Amino acid sequence: MTRTATAYAWCSHLIPIYALYALLFADSGLSDAQISVLLAIWSLTAVVFEVPSGALADRFSRRGSLVVAGALQAAGYATWVLFPSFWGFAAGFVLWGLGGTLTSGAFEALLYDGLAAGGDEDQYGRLNARVDTIELIAQVPVAVVATALFSFGGYQLAGWVSVAMCLASSVIALRFPEPERGSEDDDEPGYFATLRTGLRASIPIKRAVLAVALVYALDAFEEYFTLLAQDWDVPTVWVPLATIGIPLMGAAGASLAGRLPFRGWVLFASGALLIVAAWLAVPPAIVLLGLFYGLYRFVLVHVETELQHRIESDARATVTSVAAIGSEFVAFAVYGLWVLGSAIAIGVMVLLVALFIRRQ
């Protein structure tokens, strides 16, 4: 399980276009408002399909959900390469969003139940931290490769390599063991029954669900890191390398979360760092942006792990998807604050979320 999870985390995040797509949109003539609309379309797709896709994973196959997710994401990036316009980017985000909803909830549930089948569910926190760390560290080679691919073949080459990596992640997903859930008789719950079970199971642990929704929504700000660097006078070709330290600091925070207990002040500190970085708005402020992200990722791993420990229903992917859909609603606030031109306001939003988390 651990080896497969590690390989999947690496492959599904070694996607060169990650480091370039915001720049692709800007260089294709899109305004900040249009880019935020595209991100909103991405979130709206998740709002519509997040919980139903979690129920599908619970009812049928979580492993199958991951396989289909990789194929849909590959199709989304191919659409960007073939139709580099607002509507082509929008169609790509819908496909990516569909793939994301199939992954969200299903992946966490597959890992947790796989560990629980061997009586090792108490190890989920460490495995979750490890996966998060890998996903962030992967952005380092992605930045290097994206810079090289962009130099040799522009956005198109980076896009097609990304398509290939997504398809490779689908192949790796086939290796995940999928433990049987519930009884083995013929009275298995149907799709709608599974959906209702997951929604009902979210109510008793609503504060843990809400905590994940609020904290995870802040990750939407990551989509603007490259644009921030560009706004802070970093040349476009050097943006991926200039921001390479941000995921490294995020990885350090995620890794420490698997070893250190949660501290309520951490998210407050991250919000303060973001506000200072946005106020300075110079290339060295990228260091503060990285520190913000590292502290944020520390908190995210803790709230995600706490949620998984509190879920007692077989509809684990559905419950996790309920938290994810909540995060998409909150993410609209992040997009709106960016359109208004205020990264400082996003920092204030982080402080407000920190206040809620501290009061739990």
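**Helices and a buried threonine in a predicted model**

Helix H15 covers residues 285–310, and at 1.5 Å a residue its 26 residues should span 38 Å, which agrees with the 38 Å between its end C-alpha atoms. (The expected span is 1.5 Å times one less than the number of residues; helices are DSSP runs of H or I with at least four residues, numbered from the N terminus.) The model is a predicted one, where local features need pLDDT of at least 70, side-chain atom pairs count only at pLDDT 80 or more, and totals for chains, interfaces and linings use all residues. Residues are numbered from 1 along each chain as its sequence is written, and side-chain values use heavy atoms, with hydrogens and water left out. H15 is mostly covered, with 20 of its 26 residues buried (under 20% relative accessible area, 1.4 Å probe, protein chains only).

Next comes a helix pair. The axes of H7 (residues 124–137) and H13 (residues 245–257) come within 8 Å and cross at roughly 175°, so the two helices are roughly antiparallel to each other (an angle over 145 degrees). On the H7 side, the contact (heavy atoms within 4.5 Å) is made by Ala-129, Asp-132, Thr-133, Leu-136 and Ile-137, and H13 brings Pro-247, Gly-250, Ala-251, Ala-254 and Ser-255.

Then there's Thr-147, which sits in helix H8 (residues 139–173). Thr-147 is buried, with a relative accessible area of 13%. Its side chain reaches the backbone oxygen of Ala-143 at 2.8 Å. Leaving aside neighbours within four places in sequence, Thr-147 is in contact with Val-237, Pro-240 and Leu-241.

Conventions:
Buried means under 20% relative accessible area, exposed over 50%, partly exposed in between (1.4 Å probe, protein chains only). Axes are lines fitted to C-alpha atoms, for helices over the stretch in contact, and angles run from 0 to 180 degrees between N-to-C directions. Angles under 35 degrees count as roughly parallel, over 145 as roughly antiparallel, 65 to 115 as roughly perpendicular and the rest as oblique. A polar contact is a pair of N or O atoms within 3.5 Å; within protein, one must be able to donate a hydrogen and the other to accept it, and residues adjacent in sequence count only if both atoms are side-chain atoms.
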